[in-house]
Amino acid sequence: MASAIGESANIEHLATLLDRNREGIYTCVHCGLCLPACPTYRQLGDENDSPRGRVYLMRAVSESRLAIDSVFAEHIDSCLGCRACETVCPSGVPYGELLEAARAELASTRSGGVEQKLLRFVLNRFFTRRALLGVLMWIARTFRESGLAQLAFDSKLLGNRGRLALALLLSSRPALTSNAENRAAGPSVSTSPKVAILRGCVMEGLFSHVNRATERVLRKSGCELVEANGQVCCGALHAHAGELETAKELARKNIDAFRATTCDTIVINSAGCGAAMKEYKHLLADDPEYAARAADLSKKVKDISEFLIGIGAKPSEAIVARRVAYDAPCHLIHAQKIASAPVDLLRSIRGLELTPLIGSETCCGGAGIYNLQQYELSAKIASDKVDNILASGADMVVTGNPGCIMQIGASLLMRGESIRVAHPIELIDSAI
Ligand code: SF4
Ligand code: SF4
């Protein structure tokens with residue numbers, strides 16, 4: 001769907017932000033090696049929906065050879081931001097940074113339809129205020145747990161997009177019942193790593209069971225948990241939607257909150273949030289007050305799997321008899337370049353059979369709220385994922401990002417499948 005671009009679209013403004021990234025744009029040598037890795041190109045077969053095509057469009061805009069019209073917006077909007085192109089690019093094109101710059105300028109020049117305005121309102125008014133966000137999440141949880149969401153989903157009264165929204169919410173329910181709450185924590189000694197957890201907005205709102213499992217595993221592994229009061233949403237959703245100023249404001253608040261603790265490490269169990277916080281150093285590179293603080297903080301950020309492998313955490317003798325397929329979140333494998341840590345952790349669980357999943361490293365089509373904004377294209381990408389999951393013979397899928405858990409879970413539900421999707425830390429928690 002093409003987006004409306006306002007009469008006042010300021011070409012020079014877009015060129016300015018992309019100009020700052022011109023070095024990155026010119027790194028592209030048009031080799032085309034990224035095309036087979038790009039899910040949107042594979043589905044649509046249009047060069048403009050490939051990484052090479054999108055970089056070319058950005059270059060044309062930055063050189064004032066192309067206007068910021070609805071066609072430019074359409075091809076930038078259809079990008080998942082999965083960054084699979086970065087992983088395969090031999091020239092090191094910083095595609096994620098270029099996309100963020102293009103989206104930031106589009107956000108500032110678009111007149112915006114109702115959908116865009118609603119998105120901005122929710123991101124800027126709710127996700128920046130903890131109390132308001134808490135109320136929003138409470139309403140969502142109550143709806144989910146009351147049985148009404150399931151009833152509405154089963155009734156089939158809604159259209160596909162409405163049913164998908166319900167399926168996404170239903171897929172945030174715990175996939176495992178844990179009896180781990182009463183287990184003893186590991187010994188805390190003076191040399192224990194001091195760890196602060198990013199609680200996250202969606203993670204604490206809809207996946208608090210994953211946050212509690214993370215705390216138990218860290219304690220059991222001998223870590224001392226410290227609380228970072230005042231922490232807020234990481235700002236990833238804002239940066240991906242082009243709301244860069246709000247993303248920067250949230251980043252500054254998080255930097256202040258985590259600097260006020262004595263933590264050695266900031267552990268994150270959401271791949272998207274981890275990637276965003278590791279990139280605070282880029283986000284705030286031009287901020288004279290916060291640039292150095294952001295760089296320091298980014299160094300402390302670790303994904304939970306990366307951290308547990310680093311400290312040599314080992315599951316106990318508990319047996320978890322499951323046939324599990326691992327799906328790699330894009331923001332873990334492509335943005336953070338973490339591929340083996342979650343797999344190694346899962347392999348160390350006794351009784352767990354890890355079955356190969358074709359296309360594990362390919363985006364599930366979730367990409368924040370891309371699944372609702374680009375429903376048809378996202379559904380096609382998700383359909384391939386579901387086919388591969390069914391072919392794997394797995395009885396459970398695990399993936400370390402809330403958006404992926406919801407997207408894969410919802411896509412399975414929409415197909416009438418009962419396979420559940422869990423976070424890897426939930427399985428580690430039941431085995432440690
Ligand atoms: S692989 Fe990299 S250099 Fe080659 S076309 Fe794609 S973005 Fe450009
Ligand atoms: S981020 Fe993903 S969807 Fe976008 S161009 Fe790169 S590979 Fe394609």
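## Cavities

A cavity here is a set of points, on a 1 Å grid over the protein atoms alone, where a 1.4 Å probe fits but cannot get out; its lining residues have an atom within 4 Å of a point. The model described is a predicted one. Three cavities of 30 Å³ or more are present in the structure.

## The largest cavity and ligand 1

The largest cavity contains about 140 Å³ of space, and this is the space taken by ligand 1. Its lining comprises 15 residues, with Cys28, Cys34, Pro51, Cys89 and Val93 nearest the centre. Two elements, helix H4 (51-62) and helix H6 (84-88), each give two or more residues to this lining. H4 gives the most, with three residues. Sorted by class, the lining of the largest cavity has 10 nonpolar, three polar and two charged residues.

Which residues surround ligand 1? The shell consists of Cys28, Val29, His30, Cys31, Gly32, Cys34, Arg52, Cys89, Pro90, Ser91 and Val93. Seven residues of this shell are nonpolar, three are polar and one is charged. Cys28, Cys34, Cys89 and Val93 belong to the shell around ligand 1 and are also among the residues nearest the centre of the largest cavity.

## The shell around ligand 2

Ligand 2 is surrounded by Cys38, Pro39, Thr40, Pro51, Arg54, Cys79, Leu80, Gly81, Cys82, Arg83, Cys85 and Tyr95. Helix H3 (39-44) and H4 are the elements that give two or more residues to this shell. By class, the shell around ligand 2 has eight nonpolar, two polar and two charged residues.

Pro51 is part of the shell around ligand 2 and is one of the residues nearest the centre of the largest cavity. H4 gives residues to the shell around ligand 2 and to the lining of the largest cavity.

## Domains

The domain assignment divides the protein chain into domain 1 (11-109), domain 2 (180-309) and domain 3 (314-431). Between the C-alpha centres of domain 1 and domain 2 the distance is 29 Å. Seven residues from domain 1 and nine residues from domain 2 make up their contact.

## The second largest cavity

The second largest cavity holds about 90 Å³ of space. It is lined by 14 residues, and those closest to its centre are Asp303, Ile304, Ser305, His423 and Pro424. Helix H19 (304-310), helix H21 (340-347) and helix H25 (424-431) are the elements that give two or more residues to the lining. Nine residues of the lining of the second largest cavity are nonpolar, four are polar and one is charged.

Definitions and conventions. Residues are numbered from 1 along each chain as its sequence is written. Chains are lettered from A and ligands numbered from 1 in the order in which they are written. This is a predicted model: local features need pLDDT of at least 70, side-chain atom pairs count only at pLDDT 80 or more; totals for chains, interfaces and linings use all residues. Side-chain values use heavy atoms; hydrogens and water are left out. A residue is near a molecule or strand if one of its heavy atoms lies within 4 Å of it. On a 1 Å grid over the protein atoms alone, a cavity is a set of points where a 1.4 Å probe fits but cannot get out, and a pocket is an open set with protein on both sides within 12 Å along at least five of seven lines; lining residues have an atom within 4 Å of a point. A molecule sits in a cavity or pocket if more than half of its atoms lie within 2 Å of its grid points. Ala, Val, Leu, Ile, Met, Phe, Trp, Tyr, Cys and Pro count as nonpolar, Asp, Glu, Lys and Arg as charged, and the others, Gly among them, as polar. Grid points are joined across faces, edges and corners, and a volume is the space filled by probe spheres set on the points. Helices (H or I, at least four residues) and strands (E, at least two) are DSSP runs, numbered from the N terminus. Domain bounds come from an automatic or database domain assignment. Contact means heavy atoms within 4.5 Å.
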